[in-house]
Amino acid sequence: MDRRTFLTMALAVPVLGQSRKPAPKPAPAPAATGVPWTQWGGPHRNFQTEATGLKDVWPASGPRVIWKRALGEGYSSPAVENGVLYTMYGKPKQEVVLAADAETGKTLWEHTTPMTFQSDAPELGNGPYSTPLVVGDRLFTTGVAGRLQCLDKKTGKLLWTQELWSDHGGSRMMYGYASSPLAFRDTIVVPVGGRGKAVMAFQQADGKVAWSKNDFGNVYSSPVLINVGGLEQIAQLMDGAMIGVNPHNGDLQWQVPFKAEYSIAIATPVWGRDNLLFISSEYNAGTKVIELQRNGQQTTAKELWSSNRLRLHHGNAMRIGDTIYFSSGGKGSQAILSAVDARTGNIHWQERSIQKASFVWADQKLITVAQDGSLMIAHPSTKEFRIAAKAHLLTELAWTPPVLVGTRLYLRDRRDMLAVDLG
């Protein structure tokens, strides 16, 4: 209580034989320390982090909520670094980049851009979908209408912008641009789509085009940087193919056919240290695992297995050991949480009670958020999905993957964001 309230109560209630002092104010929540989460998918772009000290058991009310705040429309997950949280949201005819205090949720600055794009599914919102990227003193974002911009991360001042649709003829997606940018050395890499512009790289300092190559249309998926026997490559799912390109110049290294109807391929590929690349989509695309091998300065790619039964609509897949966990289905039917052998495609089990889940793996625990707003700590195996703790903290269509820094977990649904302590 504050001092004025205390004095009022002290005058109203007589105290005999002793004096009373104001109760000390509760100590502020400790600052979140841990590996920064500066991009889509976290420090390794695979939704895995080295955080420890996460509890398996919560009170009946769930983990301690540090703060909760209203946020505009959208599914953008946050980036968190040095006590600052960056994300995006939409409001009528505007798109906003937000910097907030990660300890309190209070706004530090906002950068607003006019927005006229309208999604073909307005009942599901109008985006934005992508996650900001923090590199040094700069913040890079991609908006729902294909606007790539660079901001000063401390002030929100716009440093440069590139219009991927209007200036570069990129693929105009019916639900809007959704790919999150990738940093490689002094460039920013994004899929664009179109002749000679399937994937483009821009100089971080001034936004000038560093390279632009290949002739594929774009989809909604984000790029990942992989290493095949010492050869760095950018793996990018495009319209009609999964491709690998040289991150230094954009040269095509390999491609494998993969086509989703209406260009709706959303999920980010999952890379394994055994050189296996998992890709999956709804819309009659199914799932493939591609095996990559280095041969001199070249890379060979072959399909290891495929399945039209397994289809990841959106969200992220998580590979733990030789098992891949993801929600299969969900386009006009119920999604099924599935555990699949990465090398063979054999299904270990499927669980219908958890729909369209997203994940973070840390401290030997699978932090799981279901689309109904349930947060879970799970211990998955090839035999079962054992839930150790569960709490309902969000509303329906909680499709944004969670973000973990230290023991602090950041969550959002379509209109609210909150931070909880899992330690």
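This is a predicted model: local features need pLDDT of at least 70, side-chain atom pairs count only at pLDDT 80 or more; totals for chains, interfaces and linings use all residues.
The account begins with the largest pocket, which holds about 820 Å³ of space. Its lining is made up of 31 residues. Those that lie nearest the centre of the largest pocket are His-44, Asn-46, Gln-48, Trp-271 and Arg-273. Several strands take part in this lining: S10 (182-184), S14 (224-228), S18 (270-271) and S22 (318-320) each supply at least two residues. Of these contributions, that of S14 is the greatest, for S14 gives 4 residues to the lining of the largest pocket. When the lining residues of the largest pocket are sorted by class, 14 are nonpolar, 11 are polar and 6 are charged.

The second largest pocket contains about 670 Å³ of space. It is lined by 29 residues, and the closest to its centre are Tyr-75, Tyr-129, Ile-266, His-314 and Trp-399. The lining of the second largest pocket comprises 15 nonpolar residues, 13 polar residues and 1 charged residue.

Attention may now turn to a single residue in a loop. Gly-194 is found in the loop that lies between strand S11 (187-191) and strand S12 (199-203). Is Gly-194 buried, exposed or partly exposed? Its relative accessible area is 23%, and Gly-194 therefore counts as partly exposed, since buried means under 20% and exposed means over 50%. Leaving aside residues up to four places away in sequence, Gly-194 touches Ser-171, Asn-214, Asp-215, Phe-216 and Gly-217.

Four strands form an open sheet in the order S22-S23-S24-S25, and their pairing is antiparallel. At the edges of this sheet are S22 and S25 (347-351), each of which pairs on one side only. Neighbouring strands of the sheet are turned against each other by 20 degrees on average, with direction ignored. S22 also links this sheet to the first topic, as S22 is among the strands that supply at least two residues to the lining of the largest pocket.

How values were computed:
Residues are numbered from 1 along each chain as its sequence is written. Side-chain values use heavy atoms; hydrogens and water are left out. On a 1 Å grid over the protein atoms alone, a cavity is a set of points where a 1.4 Å probe fits but cannot get out, and a pocket is an open set with protein on both sides within 12 Å along at least five of seven lines; lining residues have an atom within 4 Å of a point. Grid points are joined across faces, edges and corners, and a volume is the space filled by probe spheres set on the points. Ala, Val, Leu, Ile, Met, Phe, Trp, Tyr, Cys and Pro count as nonpolar, Asp, Glu, Lys and Arg as charged, and the others, Gly among them, as polar. Buried means under 20% relative accessible area, exposed over 50%, partly exposed in between (1.4 Å probe, protein chains only). Contact means heavy atoms within 4.5 Å. Two strands pair if DSSP finds at least two bridges between them. Axes are lines fitted to C-alpha atoms, for helices over the stretch in contact, and angles run from 0 to 180 degrees between N-to-C directions.
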